[in-house]
Amino acid sequence: MEITLNKQGNTEGLIKIKVSQGDYQPHVEEKVKDYARKATVKGFRQGKVPTGVIRKMFGKSILVDEINHLLSHRISDYIKENNLKILGEPLPNHEKSRDIDWDSQKDFEFEYQIGMVEDFTYDLSSKAKVQAYKIEVSDKIIDDTLTDLKKRFGNVTYPETSGEQDNLFGELRATEGDFKREQAFIAVEKIEKKEQNKFIGLKKDEEVEFEIDKIFKDSDQVASLLGKPEEEVKDAAGKYIFKVTNISRTEPAEVNQEFFDKVFGKDVVKTEEELIAKIKETIGENYKRETDHFLDHHIEDYLLEHTKINLPDHFLKTWLKSTSQGQVTDSVLEKEYAQYIRGLKWDLIKTKIADDNGIKVESDEVKRRAKELITAQFGGPAFAAQFGDKLDTFADNYLASENGKNFMRLYNQLKHEKILKFIRGKISLHETKVTVDEFRKLVEEHKH
C-alpha cells in the first residue's frame, strides 16, 4: 500500500492511497471462508456452502467492506505517525470512487481532502494585560442576604387573611377570551406598591380583578404568573381575575444555633458575629465566581485577538456541509461560520496551553466535583453530614448516568477551569472595584 500527502498550502492537503491486490486479498479470502462457515444458503447445509457460491453472492460487498476498513485504519495511522494536526475528518473524493469498477479492477486509488492547523504561538507573560473586576460586598447586601435566609429557613403558616409578605395560590382567568390557569401563584411583595392593596386582606375563595401590565414591573414575574415563556409576555395586557384558594406566610426564622446549623452545617457558626462573617465570605465567593467568569471572557477576547491561527476555511466549510446531513447550508454558514471559527480557535488555544503545560484532570477530581454539585443541590453542608458515605454512591451513579455524558461534562468543565486558572496566574490583571449594579451593567454591555 502506497500513501502520500500532497500539501495544498499550509492548511490543506490531499492524501492519496494506492491499494494493490496483495494489500486486501488475504483479508477478503479470510472473510469469504468465514461467510462460508456461517451463511445460510438455500440448497446447502450450514457450514458447507462452497466459497465460489459465497464469492458470487457476497464477493463485491466483502471486497468493499474490507478495503474501506483497510483505508480507515491506514489513514488514521498515517495521521498519527506524521503528527498531522487535522481538523474535522478526512473527506473522501466521492467522484473518484464512483469511477471504480469493483467487478474487474484489482488495484485502486483513493483520495482524501484534509484540513490542518499550522503551529502557532500564544503570549502568556506579564506583557499580556487583561481587565478584571472585584465586587465590593456592602452592608446592605449582607443585610438583604440575612433577611432572605431568615425567610428561607422560616416557619410556614397559613393565615386566613393575606398580608403584604404573603404568597397567594389560586385560579387565574382573563376577563376576555378563554385563558384560564388553575394553579397560579402571586408573591404579594413582588407586586407594584400602588397595586398591592388589592391583594392585601383577601380570604380563601375571594376574587380580585387587576390589569396584568400594571401589577408587575418585570416581565419574568408576568411570565411566571401566566405560565408562559418570558419572550411571549413582554406586551401582555388586559384584565384578569385571580381567585384565592390558599394563602401561605413564612415567619422569619429566629437567629439561634438551630438556624446557624441549617444554613451552614452543624457547629460551623456559633455566634451572630460569626454568622455575619460567614455570610460576607460566602457572598464574596459567589461574586468572585461571577467576576472570574467575566474575566474568562476578557481573557478569551485577548488571546483570540493576539494569537494568529491560520485555518483551512474552504475545507472547513465543505466539511461542515458534507457531514451535517443537509442541516448546514450556505446561508447557515454565512450567519454562523464566524462564531464557529471563534469557538474553534479558542478550543485550539486552550488545548495547546494544556498540552504545553501538562494540565490534566484526574477521575477523583471529577468525582469530587460531582459530590459538590449534589451537596449544593440538596441543601448544602447539612445534607452532606446527614448522608455521609452514601454521597459517594450518589456521585458514582450520577457520573455513570446518560452513558457517561455527565462524567465528560464535568471533566471538560474542570479542564477548562484549570486552563483558565493557569492563564490568570501568568498574565497581568488590572483590577477595578465596582458595585453590584456597576458590574451587572458591564456584563450586559459586554459583546463577545
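A nonpolar core is a set of buried Ala, Val, Leu, Ile, Met, Phe, Trp, Tyr and Cys residues joined through side-chain atoms within 4.5 Å, where buried means under 20% relative accessible area, exposed over 50%, and partly exposed in between (1.4 Å probe, protein chains only). The legends below concern a predicted model, in which local features need pLDDT of at least 70, side-chain atom pairs count only at pLDDT 80 or more, and totals for chains, interfaces and linings use all residues. Residues are numbered from 1 along each chain as its sequence is written, and side-chain values use heavy atoms, with hydrogens and water left out.

**View 1. Confidence along the protein.** The mean pLDDT (the predictor's confidence in each residue, from 0 to 100) is 91 for the protein, and 98% of its residues reach 70 or more. Helices (H or I, at least four residues) and strands (E, at least two) are DSSP runs, numbered from the N terminus. Where pLDDT is low, the predicted coordinates should not be read in detail.

**View 2. The largest nonpolar core.** This core has 33 residues, and those touching the most other members are Ile299, Leu303, Leu311 and Ile423. Two or more residues each come from β3 (86-92), β5 (129-135), α9 (272-306), α10 (313-322), α11 (330-357) and α15 (405-426). The most, 9 residues, are given by α11. A second, separate core of 27 residues includes Ile3, Val41, Val49 and Ile79.

**View 3. Leu303 and Tyr302.** Neighbours within four places in sequence are set aside for both residues, and contact means heavy atoms within 4.5 Å. Leu303 is in contact with Asp123, Leu124, Trp346, Ile349, Ile353 and Ile423. Tyr302 belongs to helix α9 and is buried, at 14% relative accessibility. Its contacts are Asp123, Lys127, Ala128, Lys129 and Val130. Tyr302 and Asp123 are 179 residues apart along the chain, and their C-alpha atoms are separated by 9.8 Å.

**View 4. Helices α10 and α11.** Two packed helices are described by the angle between their axes and the distance between the axes. Here the axes come within 11 Å and cross at roughly 115°; axes are lines fitted to C-alpha atoms, for helices over the stretch in contact, and angles run from 0 to 180 degrees between N-to-C directions. The crossing is right-handed, a term used if the near helix is turned clockwise from the far one by less than a right angle, with left-handed used if anticlockwise. On the α10 side the contact is made by Asp313, Leu316, Lys317, Trp319, Leu320 and Lys321, and on the α11 side by Asp330, Leu333, Tyr337, Tyr340, Ile341 and Leu344.

**View 5. Glu195 in helix α5.** Helix α5 (residues 193-196) holds Glu195, which is buried with a relative accessible area of 10%. Its side chain makes a polar contact with the side chain of Lys198 (3.0 Å). A polar contact is a pair of N or O atoms within 3.5 Å; within protein, one must be able to donate a hydrogen and the other to accept it, and residues adjacent in sequence count only if both atoms are side-chain atoms. Not counting residues up to four places away in sequence, Glu195 touches Lys214 and Ile215.

View 6. Asn83, in the loop between α2 (51-81) and β3, has a positive phi of about 50° although it is not a glycine. At 55% relative accessibility, Asn83 is exposed. Gln325 lies in the loop between α10 and α11, and its phi is also positive, near 55°, in a residue other than glycine. Gln325 is exposed, with a relative accessible area of 76%.
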